[in-house]
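Hi everyone, thanks for coming. Let's get the picture up on the screen, and then I'll walk you through it.

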Amino acid sequence: MNKYSVCAWLDDLQMSAQLAKLANLHSYDLKFIGDDFIASGNKVPTVLIVDLLKLSEDDLNNMLKFPKTELLTIIGYMHQLAISQVRFYKEYGCHMVIGRKDLLKNLNSILIKIFHAC
């Protein structure tokens, strides 16, 4: 079992490839998930990366039900981002909301900082 886990809830080939590369490099457990993510089973620090445009209203409401734990960090991303959207998605449980381009560029350092803070 790996020390850290990354879950991806997205349909983004470039982001998926970047995650696979980093998972291989750092030995992260990488899971690509659909609408069946269960946050309560986390026993290791886990980062959930979500394409926010993919989410329905039901998905957002389900994110509110995720247990508040130090082991789960939710990063949401969008192609175009506005301040009002950042506040909106943070209310639904995202710890970080970032533009897609910035996330791709800084994904490695973001994951390292999150996992080393645990």
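So, where does Asp29 fall: buried, exposed or partly exposed? Asp29 is partly exposed, because its relative accessible area is 28%, and the cut-offs are under 20% for buried, over 50% for exposed and partly exposed in between, with a 1.4 Å probe and protein chains only.

Quick housekeeping. This is a predicted model, so local features need pLDDT of at least 70 and side-chain atom pairs count only at pLDDT 80 or more, while totals for chains, interfaces and linings use all residues. Residues are numbered from 1 along each chain as its sequence is written, and side-chain values use heavy atoms, with hydrogens and water left out.

Okay, back to Asp29. Its side chain meets that of Lys31 in a salt bridge, 3.6 Å from N to O; the rule asks for a side-chain nitrogen of Lys or Arg within 4 Å of a carboxyl oxygen of Asp or Glu. Lys31 is partly exposed too, at 41% relative accessibility.

How many salt bridges does that rule give? The count is 2. The other pair to look at is Arg100 with Asp12, where the closest N and O atoms are 2.7 Å apart. Those two come from distant parts of the chain, 88 residues apart: Arg100 is in helix H4 (residues 100–117), and Asp12 is in the loop between strand S1 (5–9) and helix H1 (13–26). By the way, helices (H or I, at least four residues) and strands (E, at least two) are DSSP runs, numbered from the N terminus. Arg100 and Asp12 are both buried.

In S1 and S3 (residues 46–51), which run parallel, 5 bridges do the joining, and Val6 stands opposite Val47 in S3.

Last stop: Ser27, in the loop between H1 and S2. Most residues other than glycine have a negative phi. Ser27 isn't a glycine, yet its phi is positive, about 60 degrees. Ser27 is partly exposed, with 47% relative accessible area.

Key. Two strands pair if DSSP finds at least two bridges between them.
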